[in-house]
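Dear colleague,

I am handing over the structure below, and after it I set out what was found in it. Please read the notes alongside the coordinates.

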Amino acid sequence: MHFDNNGYVLEGGLDPLLLTEKYGCPLYIYETAIMKNQYDRLTKAFALPNLKINYACKALNNLAVLKFFKSLGAGLDTVSIQEVRLGLMAGFTPNEIIYTPNCVSIEEITNAVELGVRINIDNLSILEQFGSLFPQYPVCVRINPHIMAGGNSKISVGHIDSKFGISFHQTPLIHRIVKANSMKIEGIHMHTGSDILDIEVFLQGAEILFQVAEEFKDLEYIDFGSGFKVPYKEDDIQTDIEELGEKITARFTQFCSNYGKNLTLMFEPGKFLVSQAGTFLVKVNVVKQTTSTVFAGVDSGLNHLIRPMLYDSYHKIVNISKTEGRSRIYTIVGYICETDTFGVNRKLTEINEGDILAFYNAGAYCYTMSSNYNSRFRPAEVLIHDGQDYLIRRRETMEDLISNQVAVDIFD
Ligand SMILES: *Cc1c(COP(=O)(O)O)cnc(C)c1O
């Protein structure tokens, strides 16, 4: 969504207010043009013939979005067997899907083997079990380079006491297991978590990965994971993809020439590809003036968008019903019976009850983290493609809410 002479508009000039009338409120809206723009930025920044961008679908998992990324030529990054199945349903071939679970059972990994997808193993125990069960099946190993890439403690996953990956200090143990079972290691991977602020830190992690990689002789790819930060407000810092691209590309090319083989360079961004493509629209139910604060209470809450409460993340909020006139300071809160504050002391054009507010950066980790808390329905999702709107998930109903409950007649 962007602002122009006509107020807030979507791709193709579509009016978000009309979409709330058509589909109801609250509503998630995603624009494919923005996803494509982000995808193109990556393929331009990492301009190598052997580049593969695997979309991390835990960010936004609607099948229409998965199919869209497939149409762009992306692969898919998955973290559960259910995401693997969604990927297959969306039409990705097994070798276009990489499965990077953490602390899942060997049974689930066995299922992934049966489905034929690429498997990324992040601990020595599973690597050993995998080696004895499937010595012929090539795998990737997730290395923890022990870097602190930035971001907050819940989304930073590459540091020394993180549960993710196999410490690069334990590389000799990986070799022992690989040798004992005659395994083939086809990939080396790291994922340092969201919000890379400092490119130098990322490059240090990459150097560690290159060191580990040169000791494995059967590699097909090196996967640098993700963690590309996007801006949430004006002048916000973001990962400088273009600069990172230039540096990694040069270093990767040099590595491949020493290694003696043109490997594939892989990334698996989620947030970078979809965060800015999404807008969440809510309606103001109540404007409530207390002695200290003016609250705008909306028809949504932490059940639909939990990131501000879980991660203290910032979502820019605007009043799209009223784009001109004086502004006031509001605290935007949800309707859940628990404190669910979306934004404190935000300056918005004056709000009347019934106005529609828009939350920016609502593409990644918003719908996929939603719940039915307070027995509320999850919202509908709409995709904007080539200036047309498509309903890609209907709003839930009372039937959906109880569909898994099993009625027992013992209290009737
Ligand atoms: C979550 C995750 C990603 C995507 O991270 P973003 O910050 O959304 O880009 C990539 N790879 C793995 C293994 C993940 O768990």
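I begin with Pro379, which at 0% relative accessibility counts as buried, where buried means under 20% relative accessible area, exposed means over 50% and partly exposed lies in between, calculated with a 1.4 Å probe on protein chains only. Please keep in mind that this is a predicted model, in which local features need pLDDT of at least 70 and side-chain atom pairs count only at pLDDT 80 or more, while totals for chains, interfaces and linings use all residues. Residues are numbered from 1 along each chain as its sequence is written, and side-chain values use heavy atoms, with hydrogens and water left out.

Pro379 lies in the loop between β18 and β19; helices (H or I, at least four residues) and strands (E, at least two) are DSSP runs, numbered from the N terminus. Leaving aside neighbours within four places in sequence, Pro379 is in contact (heavy atoms within 4.5 Å) with Pro26, Leu27, Tyr28, Phe280, His304, Tyr367, Arg394 and Arg395. The C-alpha atoms of Pro379 and Val287, which are 92 residues apart along the chain, are separated by 22 Å.

Strands are taken to pair if DSSP finds at least two bridges between them. On that basis β3 runs antiparallel to β13 (residues 278-289), to which 4 bridges join it, and Ile29 stands opposite Thr279 there. With β19 (residues 380-385) the arrangement is parallel and has 5 bridges, and the bridge partner of Tyr30 in β19 is Leu383.

Further pairing involves β16: strand β14 (residues 294-298) pairs with β16 in the parallel sense over 3 bridges, with Phe295 opposite Thr331. On the other hand, β16 and β17 run antiparallel and are joined by 6 bridges, Tyr330 having Arg346 of β17 as its bridge partner.

Among the helices, α2 (residues 32-45) and α9 (residues 241-259) pack at an angle of about 35 degrees with their axes 8 Å apart; the axes are lines fitted to C-alpha atoms, for helices over the stretch in contact, and angles run from 0 to 180 degrees between N-to-C directions. Arg41, Leu42 and Ala45 of α2 make this contact with Ile241, Glu242, Gly245, Glu246 and Thr249 of α9.

Turning to charged pairs, a search of the whole structure finds 17 salt bridges, each defined as a side-chain nitrogen of Lys or Arg within 4 Å of a carboxyl oxygen of Asp or Glu. One of them joins Glu207 and Arg251 at 2.7 Å, N to O; since Glu207 lies in helix α8 (residues 199-213) and Arg251 in helix α9, the pair ties together parts that are 44 residues apart in sequence. Glu207 counts as partly exposed at 32% relative accessibility, and Arg251 likewise counts as partly exposed, at 24%.

Another salt bridge is formed by Lys261 and Glu220, at 3.9 Å, N to O. Lys261 is in the loop between α9 and β12 (264-267) and Glu220 in the loop between α8 and β11 (221-223), so this pair ties together parts that are 41 residues apart in sequence. Glu350 and Arg326 also meet in a salt bridge, at 3.5 Å, N to O, and Arg326 counts as exposed at 54% relative accessibility. Salt bridges that share partners join Lys184, Glu220 and Lys261 into one network.

Finally, what is the count of disulfides? The count comes to 0, a disulfide being a pair of cysteine sulfur atoms within 2.5 Å. The sulfur of Cys25 is 15 Å from the closest cysteine sulfur, in Cys366, which is too far for a bond, and Cys25 counts as buried at 19% relative accessibility. For Cys103 the closest cysteine sulfur is that of Cys140, at 17 Å, again too far for a bond, and Cys103 is exposed, with a relative accessible area of 64%.
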